[in-house]
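These are my notebook entries on a structure that I looked up part by part. Each entry records one topic.

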Amino acid sequence: MSDTDLNATRRDVLKSGAVAAVGLSGGGGLLSTLQEADDSDTAGDAVTSFLGEDQVVKTACSPNCRGKCTLRAFVRDGQIKKVQPNIPADERYKRGCLLGLSHTQRVYNSTRLKYPMQRSSWSLKDPQPTKRGNEAEFERISWDEALEKIAQKMTTIRDQYSPKSVYFETGSGDSGLSGPMQSQLSDLFGGTQKSWSIDINTGLGFRRVTGSGLFNAETNFGEDWQNANTVIVWGSDIFASNLQQDASILLDAIESGAKLVVVDPVYTGTASKADLWLPIRPGKDAHVAMSMIHTVLDQELYDSSFLRKRTLGPALVNENTGDLVKTADVFPDGDAETPVAIDAETNEPVPLLPETYGNYALFGRYTTNGVNTHTGLTALERKAAEYPAEAVAERAGLQATDIRTAVQWLATRGPGGIASGYGPDRYKYGHVFGQAYATLLSLTGDYGRHGTIHASHPSGSGYNPGDFFEVGDSAPGTTSLKQSDIITAMESGDPYQIKMMYSQASNFLANQMPNRKRWLDAADNLDLIAVADMHHTPTVQHADIVLPANHWFTREDIISGSNHPHVNYRQPVHEPLWEAKDDYWIIVQLAKRLGYGDEFVHDKTEAIKRIVANDDRIDYDRGCHRTVPILLLRSR
Ligand code: SF4
């Protein structure tokens, strides 16, 4: 709990009155006084203590959302009465949405799990998996009993099958230390975890061009969006579903004069604010991106300097093999790595060296050492010619002029980019779209300068935990399987049999599986499904042992945000309710029963201190001490 003094004093009242008085005296005075108020929280404490018995505790929101906002929880009589956004001193990072502000309902919700439970028809010897689901009845058990049974089952399965037969499912329901903790236990035990196999389609295609990107694509820091002159939001309703930093930085860009283009089949809230809306037919994203490439090449809107300096566009390609020509193919002292281009002045082959302003020919066919070649851009030009705007517009349900206008803005108005979302990502060939638009941005030179945008996932903060979560060389380590292999492992033992699942912060049966019935049938082959969650979710209804996790607001943690440069300290607002426990505690207790107790730091505060000590950009005592109401630890 906060150390705030709850007793109203005359001095407190005078202080809050002083804020109002300065407010009347002029803008500068008001601003500076509010700034001080934010830093010290004195005025807020004074007002609340004068009005009642409130405490205002700064904490943090921690879902699968890139905001990771700091919030202010107002507590009276030991209960959270309301939640408000915390306005940080640097207002560029102001945020908070209705989801975060509704945590009062979530903390005390009737769906919260209160006690450890076991499915009545389940036992260690006779799991009766077909009795899971809607008709399942649960009975309360003790924490000790629940953890003992899970540990016993894990040990039995390890002995009878393999440690890999225990699957550690972790979801995105908590962004604190619980995920790495579960992975650490899996590493020690030798279990199976899911490799990152969702949300990566577009990023994988993007990576083919840029060499980086996996989860969507990498892009500039959010603050830089205001330097963009054209933003094409593609398959993302930022104003509805990315209310945190994305929406405000997009508004900043628009305020600074950026043109907004929205490519979306639906007339979304974001589309309604666009200068140009392209109501594309679903699945035609790559076609439209290729058509934009065609327009840029056809109208010579490309950035020649960028193409020469930073791309393989001028590189020669062997027409017979499709391989890049290397200097070893052309020069006696060449190597097998360096590509070859044509000097535009001499028409002679030369090494193509990055980060130089060589006068390379961008287009053309050449005969080099008797081999027919063409430049990479010529190959692209030929391919893109298959996607003229008129033909693509007809297939995609668009106007050809709109396709051209959008890309003309992108190519001619200075820096800009494409904020792609999950719309095109969730298609089988979403990676082709990623590859196409990454190529388009290389034609327009939208990399490596202020105002370029590559995805609706601005870069954010992070911390370096050092070797805190690492296990020794003697540990068996985790086997990673794609999600599509997890289910076959459960169904038929391909590539090996999975017999048990420990799920944490994941409602996987409800919202992660495209074919829920198939997963439910596959789960019939599991001897134990243990689920740790805050709420009685559909997945919990299919569990054998249920572990009540406490809400974020009642567990201390550190959270790094994707859309701001801070690592947030999540301060507990009050004690955990009922018998709910922190996942950190649960993992440590399970580890102890499996013989790995010495591998973990049991006290979480101590763990946080040690983790933070690994990164000299953040400071526990400055940021986390509870009497200091500063929660933002700048990490970049
Ligand atoms: S934007 Fe995200 S982190 Fe911020 S309050 Fe909303 S849900 Fe929570």
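Predicted model: local features only at pLDDT ≥ 70, side-chain atom pairs only at ≥ 80, totals over all residues.

Entry 1, the ligand. I found 11 residues around the ligand, the closest being Cys61, Cys65, Lys68, Cys69 and Cys97; a residue is counted here if one of its heavy atoms lies within 4 Å of the molecule. I sorted this shell by class into 6 nonpolar, 4 polar and 1 charged residues. In this scheme Ala, Val, Leu, Ile, Met, Phe, Trp, Tyr, Cys and Pro count as nonpolar, Asp, Glu, Lys and Arg as charged, and the others, Gly among them, as polar.

Residues are numbered from 1 along each chain as its sequence is written, and side-chain values use heavy atoms, with hydrogens and water left out.

Cys61 counts as buried because its relative accessibility is 8%, and Cys69 counts as buried at 7%. Buried means under 20% relative accessible area, exposed over 50%, and partly exposed in between, with a 1.4 Å probe and protein chains only. How many disulfides does the structure hold? I recorded 0 disulfides, a disulfide being a pair of cysteine sulfur atoms within 2.5 Å.

I traced 3 strands in the order S11-S15-S14, with antiparallel pairing. Strands are DSSP runs of E with at least two residues, and helices are runs of H or I with at least four, numbered from the N terminus; two strands pair if DSSP finds at least two bridges between them. The edge strands are S11 (316–318) and S14 (365–368), each pairing on one side only. S11 is joined to S15 (residues 371–375) by 3 bridges, and Leu316 stands opposite Thr375 in S15.

Entry 5, strand S16. Is this strand enclosed or exposed? I found that 5 of the 5 residues of S16 (residues 416–420) are buried, so the strand is largely enclosed by the rest of the structure. Gly416, Ile418 and Ser420 point one way, and Gly417 and Ala419 the other way. In a regular strand the side chains alternate between the two faces of the sheet. S16 runs parallel to S8 (residues 230–234), with 5 bridges between them, and Trp234 stands opposite Ser420.

I located Asp446 in the loop between helix H19 (430–443) and strand S17 (479–481). Asp446 is buried, with a relative accessible area of 0%.
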